[in-house]
Amino acid sequence: MATADQVKALIKSHAEGDETRFYAIAMQMAAQEARTGHARLAQELRMLVDELRARSVREYPSESKLVPLAQPRGELAGLLTVGYSKTRLGEMALDSEVQRRIERVLVEQRERARIQEHGFTPLRKLLLVGPPGTGKTMTASVLAGELGLPLFTIQLHALITKFMGETAAKLRLVFDAVAQGRAVYLFDEFDAIGSDRASKNDVGEIRRVLNSFLQFLEQDASDSLILAATNHPALLDRALFRRFDETIEYRLPGADAAERVMKGRLALLDTASVNWVEAARAAEGLSHGDVVRACEQAAKNVLLAHRRGIDTATLVEALADRRSAHGP
Ligand SMILES: Nc1ncnc2c1ncn2[C@@H]1O[C@H](COP(=O)(O)OP(=O)(O)O)[C@@H](O)[C@H]1O
Ligand SMILES: [Mg+2]
C-alpha cells in the first residue's frame, strides 16, 4: 500500500499545482504496488495517470498544437501578437517582495476554481511598474509559462499611432478576445496612454483611449490575466491604479539579485575563479537586462579567446562597458 508520506506528498504537490511532481509520485506508487504483487492496482494507477496527463495536454496544449488555434485572426491579427512561453519563475532573480506577489498570483490562479466557488475573484488584473530591463515583460512570460497559458501582447503605443481616431474601437476588439479565451494579455508600453508625453493633437485621442481602457478593464469579468507594464509610473493617471487588483513595483537588482542573474546566465561556463562580490559591485546601478547582456558579452569574449573559464576582470569589464553604453 501507499505510504502515508506518499499520500501527503501527492496532496501537497496537487495543492501547489506541481503537476510534474504529482505524476512522478503517482507513478512511484504504481511501481511500488507492482513490486508488492498488486499488479492490477498498479496497472489501474498507471492508466489513470496516462489519462490525466492526456487531459492536461488538451487543456494546456503544447506549443506546436496551439499555434494554429490561438493565432489572432482577422482584425485582431494586427493588434495582438501571440507567444508561448516556457519561462519559469525560478529563472528570475527577484527581491523577496516581488517574488512573494508573483507567487501569490500563481497560487490564486491555480486555485481559482475553489476561490470562485466561494464567490471571490482570484488576482488577475496587474499593473507592473519599474525601470526598463527589470523583468516586467519577463513576468508576463513567467505567468504564461507557469500557468500553461498563451501570452498575447498589445503594444499600445503602436496601436494608438496606427489607428489614430479608432483606437477605442480596436481596444474593444482586444477586450472581446480577453473575454473569449483564458490567456495572459500584456498591454506593454502602457504609459503611452496614461502620460502627457503625447503631442498636442494626440491628447484628445489619448484621453479617449484611457477612458475606454478603464471602462473595459472594469467591465471585464473574464478568467484571463490582464497585465499592464510601464516604465514611468509617475506619468500614470491615479485613476488607473485603482482599477487593478495589484500593483507590482520592480527595482534595479541589489548585489544579491545581480549575483543570481550572473550565475544564471553564466551557468554553462566555468565560473570557479569569479569573485562574485566584486562582480556584483561592478553591476551596481545596472538593470537585470543589462547584467544579462554584459554576461553574454563576457562569455563570448571568453569563447573567442579559446578560454574555458571566465574570470572576474573579463566580467567586470563587460559590466563597465554596459554602464558606459548608457552614458554618464
Ligand atoms: N528579474 C530578472 N531575473 C533574471 N533576468 C531578468 C530579470 N529581469 C530581466 N531579466 C533579463 O532582462 C531581459 C529584459 O527584461 P524585461 O522583462 O524585458 O524588462 P522590462 O520589461 O522590465 O523592461 C529579460 O529577457 C531577461 O533576460
Ligand atoms: Mg518590457
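Colleague: What helices and strands does the chain have?
Modeller: The chain has 16 helices and six strands. Helices (H or I, at least four residues) and strands (E, at least two) are DSSP runs, numbered from the N terminus. Keep in mind that this is a predicted model: local features need pLDDT of at least 70, side-chain atom pairs count only at pLDDT 80 or more, and totals for chains, interfaces and linings use all residues. Residues are numbered from 1 along each chain as its sequence is written, and chains are lettered from A and ligands numbered from 1 in the order in which they are written.

Colleague: How many residues in the chain, and what share is buried?
Modeller: There are 328 residues, and 31% are buried. Buried here says that 20 or more other C-beta atoms, placed from the backbone, lie within 10 Å of the residue's own.

Colleague: In what order do the strands sit in the sheet?
Modeller: The order is β1-β3-β4-β5-β2-β6, in an open sheet with mixed pairing. Two strands pair if DSSP finds at least two bridges between them. At the edges are β1 (81–83) and β6 (246–249), each pairing on one side only.

Colleague: Which strands does β5 run parallel to?
Modeller: β4 (residues 184–188) runs parallel to β5 (residues 225–230), joined by four bridges. Tyr 185 has Ile 226 as its bridge partner there. β2 also pairs with β5 in the parallel sense, over five bridges.

Colleague: Is β5 enclosed or open, and why?
Modeller: Six of its six residues are buried, so β5 is largely enclosed by the rest of the structure. Both faces are covered. Leu 225, Leu 227 and Ala 229 are buried on one side, and Ile 226, Ala 228 and Thr 230 on the other.

Colleague: New topic. Which residues have the most contacts inside the largest nonpolar core?
Modeller: Leu 128, Ile 154, Val 184, Tyr 185, Leu 186 and Leu 227, in a core of 66 residues. A nonpolar core is a set of buried Ala, Val, Leu, Ile, Met, Phe, Trp, Tyr and Cys residues joined through C-beta atoms within 7 Å. Helix α7 gives the largest share of this core, six residues.

Colleague: Where does this core lie relative to domain 2 and domain 3?
Modeller: Domain 2 (64–249) and domain 3 (255–325) both give residues to this core, so it lies between them. Those bounds come from an automatic or database domain assignment.

Terms used
Buried ≥ 20, exposed ≤ 12 C-beta atoms within 10 Å, placed from the backbone.
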